[in-house]
Amino acid sequence: MEPAEGSVEPAERSVEPRGGIPVDRGGAPVNMTARRAWPGVVERYRDRLPVGPSTPVVTLLEGGTPLLPAPVLSARTGCEVHLKIEGANPTGSFKDRGMTVAVSKAVEEGSRAVLCASTGNTSASAAAYAARAALTCAVLVPDGKVAAGKLAQALVHGATVLAVDGSFDDCLTLARDLADHYPVTLVNSVNPFRIQGQKTVAFEIVEALGRAPDVHCIPVGNAGNITATWLGYREAAELGLAAARPVMRGFQAAGAAPLVHGQPVPRPSTIATAIRIGKPASAAGARQAVAESGGGLAAVTDRQIMAAYRLLAREEGVFVEMASAAAVAGLLALAAEGSIERGSLVVATLTGNGLKDPDWAVNGAPPPLQMPVDSRAAARALDLEG
Ligand code: F0G
């Protein structure tokens, strides 16, 4: 009999009772193994990733994120807009797609420690996957410029956090230097395995839409994600999964837009701390993506980012972090200037979960109303009394 889709081959099933509990080959209790559920990006796209039968897969079952239709943005832009909710990944950002591959390869290569520079999300993801793999993890972050939730994640997963007196770009220089001279694996997106994992977002989008979108909007910081997303679309087209490839539109924050200005920004500044980067490591990949796809790189102001952040939360019901809102701010700007054809099928990557950085949400809203245990007072406060 053919095994049902998603089930494990009989040879792999080899159930060995351990302490009375049947476990599978990976050591997980059989009853807890959701065989038919989403298997994580490595198992789902194994044949398109640089893993072999002996690669120990370190996964938190990342990927398989929602592609959410956006009616309000569609009405505003005259396009059919879908949001790829990458904040639904296990650590709350798209970084998990690349981290599962990078950490799996690090373990395969016998590494005992991983290291990264980060504006916050990479460090949260590296710390979680390192914990899962029982590796040591060190993260270098710009002191005072990382959202509280992201720092909490790195700390709770047991990473050693170095708060560097410098920018993200300084942190990355330091991290590369350490990885060159000491036995630690660098898991920034300069690690090619990260890009390989992150490309899977394009495969999922093509599967969900049945084609590639016409336009893909994405925030750009260190430029790994636009590089990876474009790679994924190219491969999907080469494999015949999509007839065409989208136009790639990357957006940087106006105070941190080295790719728009064509030169490094020594002191980048923006409320979107995740993309507060002045010298993107994957600049060449970003330029290639927009050149090959006929797209472009543009800047959006902090004010535009904030407006998109509020619109997403209040009108689409999606809570993202500031950097993610840059993609939507960019889309709205393109539509306003008439640079996007009406009726286009558009996908915007929403890279990270808003809960990582609640300060902006709380500060931008009126404080909760203090209330006694009194239904009349509550009704008055809610304007229910006519
Ligand atoms: N959005 C979020 C939420 C991010 O955390 C990042 C990058 C980006 C967008 C930009 O992606 O760098 O591939 O162009 N965060 C990195 C980090 C730099 O350290 O977490 P990119």
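Predicted model: local features only at pLDDT ≥ 70, side-chain atom pairs only at ≥ 80, totals over all residues.
Visitor: Which side chain of opposite charge is nearest to D96, and how far away is it?
Guide: A salt bridge needs a side-chain nitrogen of Lys or Arg within 4 Å of a carboxyl oxygen of Asp or Glu. D96 is buried yet has no such bridge. The nearest side chain of opposite charge is K356, at 7.2 Å.

Visitor: Which side chain makes a polar contact with the side chain of D96?
Guide: Setting aside neighbours within four places in sequence, D96 is in contact with several residues, among them E62, N89 and Y129. S125 is in that group too. At 2.6 Å, the side chain that makes a polar contact with the side chain of D96 is that of S125.

Visitor: Which backbone oxygen does the side chain of T119 reach?
Guide: Beyond residues up to four places away in sequence, T119 touches K145, V146, K150, F168, T273, A274, R276 and I277. The side chain of T119 reaches a backbone oxygen at 2.9 Å, and that oxygen belongs to A274.

Visitor: How are the rings of Y45 and F203 arranged: stacked, edge-to-face or tilted?
Guide: The count of aromatic pairs comes to two. In one of them, the ring centres of Y45 and F203 are 5.2 Å apart. Planes under 30 degrees apart count as stacked and over 60 as edge-to-face. The planes of Y45 and F203 stand at 55 degrees, so the pair is tilted.

Visitor: How many residues apart in sequence are the parts that this pair ties together?
Guide: Y45 lies in the loop between α2 and β3, while F203 lies in helix α9. Both residues are buried. Because they sit in those two places, the pair ties together parts whose separation in sequence is 158 residues.

Visitor: What lies over the face of F203?
Guide: A charge sits over a ring if, for Arg, CZ is within 6 Å of the ring centre and within 35 degrees of the ring normal. Here the distance from the ring centre is 4.4 Å, and the residue over the face of F203 is R48.

Visitor: Where is A223, and what is its phi near?
Guide: A223 is found in the loop between β9 and α10. With a relative accessible area of 4%, A223 is buried. Its phi is positive in a residue other than glycine, near 80 degrees.

How values were computed: Residues numbered from 1 in each chain as written. Heavy atoms only, no water. Buried < 20%, exposed > 50% of the residue type's maximum accessible area, 1.4 Å probe, protein only. Lys, Arg positive; Asp, Glu negative; His and termini not counted. Polar contact = N/O pair within 3.5 Å; in protein donor to acceptor, adjacent residues only side chain to side chain. Contact = heavy atoms within 4.5 Å. Phe/Tyr/Trp six-rings, centres within 6.5 Å; stacked < 30°, edge-to-face > 60°. Helix = DSSP H or I, 4+ residues; strand = E, 2+ residues; numbered from the N terminus.
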